[in-house]
Amino acid sequence: MDIAQLQFLVAEAEPVQRELLAGLLRSLGAQHIHTVPDGHAALLAVQGAAPPIDIAVIDLALPGMDGLELIRRLAEEKCRAGLIVVGAQSGDILFSVETMALAYGVDLLGTSAKPATVGRLEKLIAHYTPPGTPVPEPAHPAFTFAEVGKGLQAREFDPFFQPKIELETGQLKGLEMFARWRHPQHGVLGPAAFVPVLEANGRIDFLDWSMIEKSVAACRTLHDQGIPISFSVNVAPSTLSHPQFVGQITACLERHRILPGYITFEITESTVLQPDPHLLERLLRLRMMGFSLAIDDYGTGRSNLQLLASIPFSELKIDRSFVDGASRKRALGTVLKSYLGLARSLDRRSCAVGVETKQDWDFLQGLGCTYAQGYYIASPMAVEDVPAWLAEWREFF
């Protein structure tokens, strides 16, 4: 993207601030900058500009039509410009503005507290994608149910494992399973390539049982190498509800000589939103047998404290949307703190998913989160790669 070719609009009431923003853009290489003093002029400029405005930098406190109304009007106009919102308001207000703008459907590049800086503007401009940019083709074709089934029968599917680290000690405390398809033509494929077609045909259990069996076998492999680690496995409600589930999982653990305490079943928050007595019985039975249960993607549904307290889970996994950026956005950090407090109040362990940076790690450590998981620690890996990774991690800590 050549910033010199982009058309910018700066909407700011104060002349000094308006020139400051324009100057910052020029220092980044912008050559086409239009400036306006109020919201009505900004709307007219976007509507009538030729060539069209690519990126509009708008202040929240515009006269005549403030920034909030301008965002709404631009959304109604199907504006395709990228928006950068600046304001003297607090971080939580700016975060709420982001939420509102995204809900309206505009192309929000982000917000910046005043005074804006060159570094912040440069980072936000980098988010801009010109309209009509070709969407990358998927790395794989759309597979049929028969093709996925053939891959399962050929044992081309393997579990990959992402480490879960105890924040207080830095010790490896678990591995979460992620299904991968080692396709002979297309390489290693993620769930998007095969889960939808299995769900559409009501046979996600084919994948679940393949991954459970291979995960328990991987657990035994690591135990035999002196790494007595626990494994977490995602299980669909339909698989969990099968009458033979308890019998089959018991037989699987006996084959591989693994105790139930080393296995955690993860179920999504949406699964428990409508409490089913049959599911609750199954969950209770698994807990009484010694298995652990984790509620995954917490925060994406609408569960309440009473419902959570009734589910015999041992771990609360907080969705990545509440983790990434929580150290920088006060409102997001407040929500994250409340979830961690909820886990503590219910005497459950907490795991933050999607830890991408050292800032995320340090923030969670300060909040007393139990476990962290994400690309800052490691990407999902094959079981044979775990010992070498663990040796490096122990050196790091």
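This is a predicted model: local features need pLDDT of at least 70, side-chain atom pairs count only at pLDDT 80 or more; totals for chains, interfaces and linings use all residues.
1. Basis. Local features need pLDDT of at least 70 and side-chain atom pairs 80 or more, while totals for chains, interfaces and linings use all residues. Residues are numbered from 1 along each chain as its sequence is written, and side-chain values use heavy atoms, with hydrogens and water left out.

2. Aromatic pairs. The whole structure holds 12 aromatic pairs (rings of Phe, Tyr and Trp, the last by its six-membered ring, with centres within 6.5 Å; planes under 30 degrees apart are stacked, over 60 edge-to-face, the rest tilted). In one of them, the ring centres of F157 and F194 are 4.9 Å apart and the planes at 85°, so this pair is edge-to-face. Both residues, F157 and F194, are buried (under 20% relative accessible area, with a 1.4 Å probe and protein chains only; exposed is over 50%, partly exposed in between).

3. Cluster. F143, F157, W181 and F194 are linked by ring pairs into a cluster.

4. Largest pocket. Its volume is about 680 Å³ (a pocket is an open set of points on a 1 Å grid over the protein atoms alone, where a 1.4 Å probe fits, with protein on both sides within 12 Å along at least five of seven lines; lining residues have an atom within 4 Å of a point; the volume is the space filled by probe spheres set on the points, which are joined across faces, edges and corners). Of its 30 lining residues, E176, F178, P191, N234 and D296 lie nearest the centre.

5. Second largest pocket. This one has a volume of about 570 Å³. Among its 22 lining residues, E98, T111, R120, R328 and K329 lie nearest the centre.
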